[in-house]
Amino acid sequence: MFMSERQEPALSRERAEYLRKLKIRKHAILTARILILVAFFAVWEIAGNLRLIDPFLTSQPSRIIRTLSNLYMQGDLFKHIGITCLETVAGFLLGTVLGTGVAILLWWSDFISRVLEPYLVVLNSLPKIALGPIFIIWIGPGPSAIIVMALAISLIVTILEVLNGFLSADPEKIRLVETFGANRLQVFTKVVLPSNIGSVINALKINVGLSWVGVIVGEFLVSRAGLGYLIVYGGQVFQLDLVMTSVIILAAAAALMYQGVVWIERKLMKNPQVYGRM
Amino acid sequence: MAEELVDVRNLGMKYQSPNGEIEAVRDVSFTVSKGEFVSLVGPSGCGKSTILSIISGLLKPTSGSVRIGGEWVRGASRKVGYMLQKDHLFDWRTIYQNVLLGLEVRGALNKESKERVMGLLNTYGLYEFRDKYPDQLSGGMRQRAALIRTLAVDPEILLLDEAFSALDYQMRIAVTDDIYGIIKREQKTVIMVTHDISESISMSDRVIVISKRPATVIAIHDIKFNLKERSPLACRETREFPGYFNMIWRELDVHV
Ligand SMILES: Nc1ncnc2c1ncn2[C@@H]1O[C@H](COP(=O)(O)OP(=O)(O)OP(=O)(O)O)[C@@H](O)[C@H]1O
Ligand SMILES: [Mg+2]
C-alpha cells in the first residue's frame, strides 16, 4: 500500500548520456552570458576610443572606472550607495510588513474589505509618483519622504497580492479546522498563512523592484544624496560619466537585493513546515 | 434498544442568498443509538452535507433541533468528529503533525493526548510514517491518517461525508473495508452520508433514504446480514444485498 521510497538506481548509459548533455548545455548557457557581458563592455570601450560614439555622451567603461575611483577617493561612494540602499531596505520592509498587515485585516473582515475595495482600486491605478511633491512638503525633503515614496509605490500592490493569496486558501481545509472548533485566528494561523507563504514571497519579489523605483524617484525629487541624486546631478551638469556609473551601481545593488529575497525563499522552501510544499 | 445518542428532530434549512432562497432540508427527523452505523443515502445535491453540518454544529438550522447525548447542539460540538470528502491532510505538516491538528485547535495537546495519538498511529500501521509528508503516502494510508486525525480528539460520534468518494473505485472498496474495521474496533457511533447505495448498504446497520431537494426522509431500513463477521466487502456478496439495493433504488426513483 505504501509508495516505494525513491532509490537511486545505477545510472543507465542513456541516463548518463542525458545528464552529460544537460551539463554541457548548462555550461554553454553560462559561457554565452559572460561573453555577452564582456563583448558589450569591450565594444563600448573600443567604439569610444575609435570615436565611433562620443564618450562625452555615452561615457565609457574606463571612464566609469575612473569616476568610481574618484568617488571613492572623495569618500562619497559608499555614502551615496549606503543611503540609497538603506532607504530601499526601509521602504521594502515597511511595505512588506504594513502590506501584509493590512491584507490580514482585510481578510479578517469581509465588511472592511468590501468598504475599502473602491478606494484600493483607485489608489492602485493612481500613479503614486504624482504624490511625491506632497510627501516632500508634508514630511520635509529628506530620507523620510523618500521612504514614504517607496512605501506608497509598493504598499497597495503588496496588499492586493497577499490578500489574493489569503482569499484563495482552500475553503475545505478551512472547514476542516472549523470542524475542530477553530476560531478565526486559528483558521488564519493553521491554514491561511502556511498555505500562502508562496504568495507572500511573490509579493516580496515584486516589492524589491517597486521599492527601488520609489527610492530613485524620491531622490530625483529631493536631490540631496544617494544614487538617484547622483543621476539627476550628473544630468544637470552634463556629466554622463557620473550618470552611467550611478546606473551601473544601481543595477548591481538591485540585483543583489533581489538575489537576497531569492535566497530567503530557498531557505524557506527547504523547510516545508514554513513553506507549503507545492 | 440502547439509549438514543443523537436525536435529530424536525430539521429544516433554508439557505438565503441575494438570488433567492434554497430550501435544502425539510422536516427531517431520525435518531441514532450508541454504537450504531447509520447512513443517509440520497441523490447528489439533495442536502446531505447540510444535514451533517447541522448535526456537527457548524451550521445553524432554520428550524428544528439536534441533541447529542441529551444536550442541544450549539456551535461546533466536541462530541463530533467530522470526516470530509477528501483527506485534506496539510502538505506542509508531517503525518504526526497532521493528526495532532484537532488537539492543537482544541488546546488539548498534552502528554496523555500525544501518547494516545502515538498509540493510534501504532495500532493502525502509521507509526513508521509519522515523520513523512502526506505526498509520500498512498491514498489508503492518507485516508487512515485522516481518520486518526479525527479519532485523536476522541469523538463519540463520527460524521462521514462521502469520505471515500475522492478515491478511485478499487481503492475505494479496499479503503472502505479498512476504515470500517477501524471504526468498529474503536466502537464509534457513525452517521455517514453518501449517494452510493451499495456503499450505504454494505456499511450500515440502518439506511435512511433521502429524497431529492429539499431533503426529506423517504424510508428507513434496518439492514441485517447473515454473517458471522461483518465487513463491507463480505456484505456485498451476500444474498440479501441485491434485495436491499433494488428496494432503495426504487425508492430513490432515479431518472436519467
Ligand atoms: N452555503 C450555501 N448557500 C446557499 N446554498 C447552499 C449552500 N450550501 C449548499 N447549498 C445548496 O443546498 C443544496 C444542498 O446542498 P448539500 O451540499 O447539502 O447537498 P449534498 O446532498 O451534500 O450534495 P452533494 O451530493 O453534491 O455533496 C444544494 O442545492 C446547494 O446548492
Ligand atoms: Mg455533499
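## Basis

In this predicted model, local features need pLDDT of at least 70 and side-chain atom pairs count only at pLDDT 80 or more, while totals for chains, interfaces and linings use all residues. Residues are numbered from 1 along each chain as its sequence is written, chains are lettered from A and ligands numbered from 1 in the order in which they are written, and side-chain values use heavy atoms, without hydrogens and water.

## Around ligand 1

The shell around ligand 1 (residues with a heavy atom within 4 Å of the ligand) includes B:Tyr15, B:Cys46, B:Lys48, B:Thr50 and B:Arg213. α1(B) gives the most to this shell, with 3 residues; helices here are DSSP runs of H or I with at least four residues, numbered from the N terminus.

Polar contacts are pairs of N or O atoms within 3.5 Å. An oxygen atom of ligand 1 lies 2.4 Å from a side-chain N or O atom of B:Thr50. For B:Lys48, a polar backbone atom is 2.9 Å from a ligand 1 oxygen atom. For B:Cys46, a backbone N or O atom is 3.1 Å from an oxygen atom of ligand 1.

## Between chain B and chain A

In chain B, 29 residues are in contact (heavy atoms within 4.5 Å) with 25 residues of chain A.

The rule finds 1 salt bridge across this interface, a side-chain nitrogen of Lys or Arg within 4 Å of a carboxyl oxygen of Asp or Glu. The side chains of B:Glu104 and A:Lys190 form a salt bridge, at 2.7 Å from N to O.

Key: Polar contact = N/O pair within 3.5 Å; in protein donor to acceptor, adjacent residues only side chain to side chain. Helix = DSSP H or I, 4+ residues; strand = E, 2+ residues; numbered from the N terminus.
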